[in-house]
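Please keep the structure in view while reading.

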Amino acid sequence: MFRLRAISTFPWRVFQFRPFTCESLIVKMNDCKDEEQVFDFIERNKATLTEEQVGCAFSTLWSFQKQKINLFKSVECVRDHPKFLSLCDSAISKIKLMNDNTLVNVLYITQQFAVEAHDPLVEALVTEAWERLERFEMNVLSVFSACLGDQHLYHSPLMGKIADIVNRNLETIQDLRSLSNLMVNISGVISQCFQEKLVNKAELLFDTTDTSNVNISRRLVQFLRNAKYCYYPLLERCNKVFLSNVNYLDLEFISKILSLYQVLQFHSFEFIIMARKRLSEMIPLSEHPESFVRLFVTLGPIAGPEEKEQLQSILLLMSEELTGKQALAVVTAMEVMESRNSHLIKKIASVLYKYLDNYKPLELLKITQALIFLQFQSKELFVKLRELLLSSLKVSVTPNEVFILVCAISMLPSPHISEEGTSRIEAVLPQCCLRELDDIASSVLRWIQYDRKCLARTTGKQLKLLQKIDFYGLQRLQQRSFDLFWKELKKVKGGWLFESLLEETVDTLYHSVDEINYRNVSGIASFISRTQYLSSLLLDRIASVVVQQIEKIHPFSILPILLPFSLMNYDPPQRDEFFGTCIQCINSYLGILDPLVLVFLGLSLSSLGYFPEELLKTIFNIKFLARFDSQLEILGSSLRTKAQFRLMELNRAVCLECPELEVPWFHERFCQQYFNKDIGNMNSAQQEIYRMLADILGGVNYVKASILSPYYYTIGFECILDKRKRPLPYGNRNVTMEKLPGKYWELSTQIVGSELPPGAERIAFEFLDSRAFCKNIPHIKGKSAMKKRHLEILGYHVIQIPHFEWNSMAMSKKEARIKYLREHIFGTDRS
């Protein structure tokens with residue numbers, strides 16, 4: 001009997017009953033003109049709805065929504081409709097009968113209608129999908145992973161299961177659209193090895209993909225951001241897709257790409273220029289505050305002067321309509337833009353003040369930082385800001401929030417923190433990472449500085465707090481694996497750590513020197529550049545990795561790799577092989593690298609004595625210089641000035657050391673403007689040296705102070721000796737000790753030696769302070785070494801006086817210093 005019962009029920013389970021009108025009902029549903037017709041149709045056929053018709057009903061409703069302008073309000077209307085709830089109930093009863101595509105599609109559409117994750121339908125759909133996970137096709141699995149992402153389940157066991165399925169089936173995946181979606185959603189639960197496998201697979205499939213599909217490239221960039229993996233080859237290919245489709249990109253897409261590039265520190269000058277042009281065309285079309293604020297925040301930081309003025313003028317008119325969130329976005333953008341529109345700053349500050357109580361700690365930090373940078377002054381606003389920050393600090397328990405609040409308080413005009421706040425800081429120190437400890441220490445130092453200046457005191461509590469920060473910092477250096485240690489270290493800005501624990505940090509790197517590879521070599525080189533700590537062991541390892549693994553190192557990474565060698569004037573054992581490898585690597589990318597990067601590369605190599613002809617011909621070209629000027633427009637004022645000065649220095653180096661290249665000196669006017677400033681008064685040390693030189697040489701008319709050489713090198717002191725080593729006077733061009741001469745133009749681009757009497761030579765005295773040497777040893781840095789080399793080419797005999805010799809105990813008396821100078825001018829110590 002049981003056997004017969006089993007046989008009788010089998011057909012009903014396997015061959016589910018389908019009304020003969022199923023397809024005709026779906027056709028009629030597709031003919032509906034709006035949501036109400038769909039709901040009426042569902043209501044009339046509720047008793048006979050199949051799982052296919054339920055799925056079709058959801059799809060039809062969503063197709064109507066995608067046509068709406070104000071999507072959010074329409075979604076609310078549908079979600080809260082009584083008949084939509086009835087449709088959801090029908091869906092729950094049909095879940096077991098749905099095929100995989102329908103099941104996941106209904107889940108996706110349900111979430112698009114903003115149905116909560118705890119809703120019975122959503123829970124039932126997710127549970128059923130979990131049970132079927134192993135049999136899902138990749139496109140279905142991709143959509144399901146996106147649904148889990150919408151529920152913020154990026155680190156859930158279920159997402160881990162999906163990652164495992166992708167890993168096992170990676171070789172068979174041929175659809176980059178599905179793979180890119182999966183990569184974004186599983187990025188939080190995968191290993192570094194799996195990241196590399198996914199990136200390699202994406203590269204293989206990239207050429208088979210329609211290049212007009214920008215969303216695939218956007219998701220790949222999003223994955224790299226999520227994984228904190230700046231893989232240049234894939235970024236380049238994605239960037240080419242964006243460039244070829246830039247005229248079709250909307251504001252939201254461009255904004256997203258620029259923010260992803262910023263996090264990845266991927267600089268594409270071409271994309272910025274084209275994006276700026278595209279965004280500028282949107283200015284007249286953005287009339288609503290919400291859309292215009294988005295445009296202001298995206299375009300403002302990369303806009304030219306005229307566009308910035310236009311954006312700020314329009315924003316001023318609608319400033320009263322801004323919400324608190326919009327005002328925060330605007331003031332942060334104005335900080336990046338270095339805005340000096342005081343009227344607009346005041347307007348935005350008033351909006352911020354109105355909503356100040358609603359902001360979270362991180363937002364309060366951004367407001368504080370921006371207003372201080374914009375030089376906004378308002379006692380009332382800063383008092384309220386301080387009260388909010390201190391009250392939040394009293395109740396805060398998470399390390400990240402505490403360090404944010406402390407940093408914000410330390411920026412205010414009165415950065416003092418109460419003992420209760422100090423206790424709160426002490427409580428979270430054991431849980432802080434190196435970056436947080438570094439920021440807290442910098443904040444405490446600002447607090448101490450304020451107390452000394454305004455209160456004429458420093459409490460023992462403050463000093464004990466610094467000692468505890470040192471203690472916990474040392475613990476994190478000693479008890480971490482290299483991967484975790486480096487993950488923390490590369491985020492450190494370098495204030496407290498580079499002063500208090502630099503030796504211990506470098507020692508940790510020493511013990512992990514074999515861990516330096518092609519993936520982290522540029523980051524570690526950047527760290528060494530920031531510390532200016534000369535370690536031959538680490539630099540030799542960096543050079544060795546580059547020579548051995550150059551095929552895995554992208555040309556974009558060469559500049560940070562070269563910088564420590566250039567800054568600290570260091571030659572590794574395989575000097576020519578290392579620098580030659582770097583030069584060969586960048587030669588193939590001369591037309592792709594940003595103008596700014598090429599100039600910095602050229603200067604770094606020139607300071608090391610290398611002048612690659614292909615690189616220099618690329619830089620000293622009219623078209624390149626025009627691109628360089630275009631890039632200057634989008635840089636901040638400090639970086640713009642730095643870039644202009646670096647180009648001048650490279651121009652000077654090439655003119656002096658490679659005259660055969662026939663590169664003209666075209667920075668005369670720039671240098672006249674840059675150096676035509678009041679240099680200021682002599683300090684006491686300079687006055688002392690000036691007097692001593694005057695005594696040694698025979699009077700003040702035998703020595704000149706603070707002059708400019710040809711090609712605009714500043715020289716501390718200068719004298720002239722004839723062929724018998726006797727001083728020659730300067731005639732009536734005397735110098736006073738009260739003021740240094742402002743300029744010295746008459747020989748601005750000529751070789752000085754040709755105008756001197758036969759056998760005479762100019763002596764240049766350079767006092768080298770601590771900035772001219774490496775952090776840990778008295779090794780002269782690249783800039784000072786190149787200056788000496790160039791002055792010697794110009795005919796000078798250069799006497800460099802290190803601060804540690806001049807200020808040593810052996811030279812504490814005036815007589816010893818005069819003897820020291822005399823020996824360097826006339827005696828055996830001349831080099």
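## Cavity

On a 1 Å grid over the protein atoms alone, a cavity is a set of points where a 1.4 Å probe fits but cannot get out, whereas a pocket is an open set with protein on both sides within 12 Å along at least five of seven lines; lining residues have an atom within 4 Å of a point. Grid points are joined across faces, edges and corners, and a volume is the space filled by probe spheres set on the points. The model is predicted, so that local features need pLDDT of at least 70 and side-chain atom pairs count only at pLDDT 80 or more, while totals for chains, interfaces and linings use all residues. Residues are numbered from 1 along each chain as its sequence is written, and side-chain values use heavy atoms, with hydrogens and water left out.

By these criteria the structure holds one cavity of 30 Å³ or more, and about 50 Å³ of space lies in the largest cavity. The residues that line the largest cavity are Leu-176, Phe-206, Thr-209, Asp-210, Thr-211, Asn-213, Ile-216, Ser-217 and Val-241. Four residues of this lining are nonpolar, four are polar and one is charged; here Ala, Val, Leu, Ile, Met, Phe, Trp, Tyr, Cys and Pro count as nonpolar, Asp, Glu, Lys and Arg as charged, and the others, Gly among them, as polar.

## Second largest pocket

The second largest pocket contains about 720 Å³ of space. Its lining is made up of 22 residues, and those that lie nearest the centre are Tyr-108, Ser-142, Ala-146, Asn-181 and Arg-219. Two or more lining residues each come from helix H7 (100-112), helix H9 (138-150), helix H11 (176-186) and helix H13 (214-226), where helices (H or I, at least four residues) and strands (E, at least two) are DSSP runs, numbered from the N terminus. H9 gives the largest share of this lining, six residues. By residue class, the lining of the second largest pocket divides into twelve polar, five nonpolar and five charged residues.

## Strands around E2

Strand E2 (residues 714-721) is largely enclosed by the rest of the structure, because six of its eight residues are buried; buried means under 20% relative accessible area, exposed over 50%, and partly exposed in between (1.4 Å probe, protein chains only). E1 is also mostly covered, with five of its five residues buried. Two strands pair if DSSP finds at least two bridges between them, and strand E1 (residues 704-708) runs antiparallel to E2, joined to it by four bridges. Within this pairing Ala-705 stands opposite Phe-717, and Lys-704 has Glu-718 as its bridge partner. Five residues lie between the strands in the hairpin of E1 and E2, where Tyr-711 takes a positive phi near 65 degrees.

E2 also pairs with strand E4 (residues 761-768), in the antiparallel sense and over five bridges, and Leu-721 stands opposite Glu-761 in E4. With strand E3 (residues 727-728), E2 forms an antiparallel pairing over two bridges, in which Leu-721 stands opposite Pro-727. The hairpin of E2 and E3 has five residues between the strands, and Lys-725 in the turn has a positive phi of about 65 degrees.

## Cysteines

The structure holds zero disulfides, a disulfide being a pair of cysteine sulfur atoms within 2.5 Å. The sulfur of Cys-88 is too far for a bond, because the closest cysteine sulfur, in Cys-147, is 14 Å away. Cys-774 is likewise in no disulfide, and the nearest cysteine sulfur, that of Cys-582, is 19 Å away. Cys-88 is buried, with a relative accessible area of 7%, and Cys-774 is buried, with a relative accessible area of 6%.

## Aromatic rings

The structure holds 32 aromatic pairs; rings of Phe, Tyr and Trp (its six-membered ring) pair if their centres lie within 6.5 Å, and planes under 30 degrees apart count as stacked, over 60 as edge-to-face and the rest as tilted. One of these pairs is that of Phe-645 and Tyr-674, which is tilted because the planes are at 40 degrees, with the ring centres 4.8 Å apart. This pair links distant parts of the chain, since Phe-645 in helix H37 (residues 637-657) and Tyr-674 in helix H38 (residues 668-675) are 29 residues apart. Phe-645 is buried, with a relative accessible area of 13%, whereas Tyr-674 is partly exposed, at 30%.

Ring pairs also link Tyr-232, Phe-242, Phe-253, Tyr-261, Phe-266, Phe-271, Phe-556 and Tyr-589 into a cluster.
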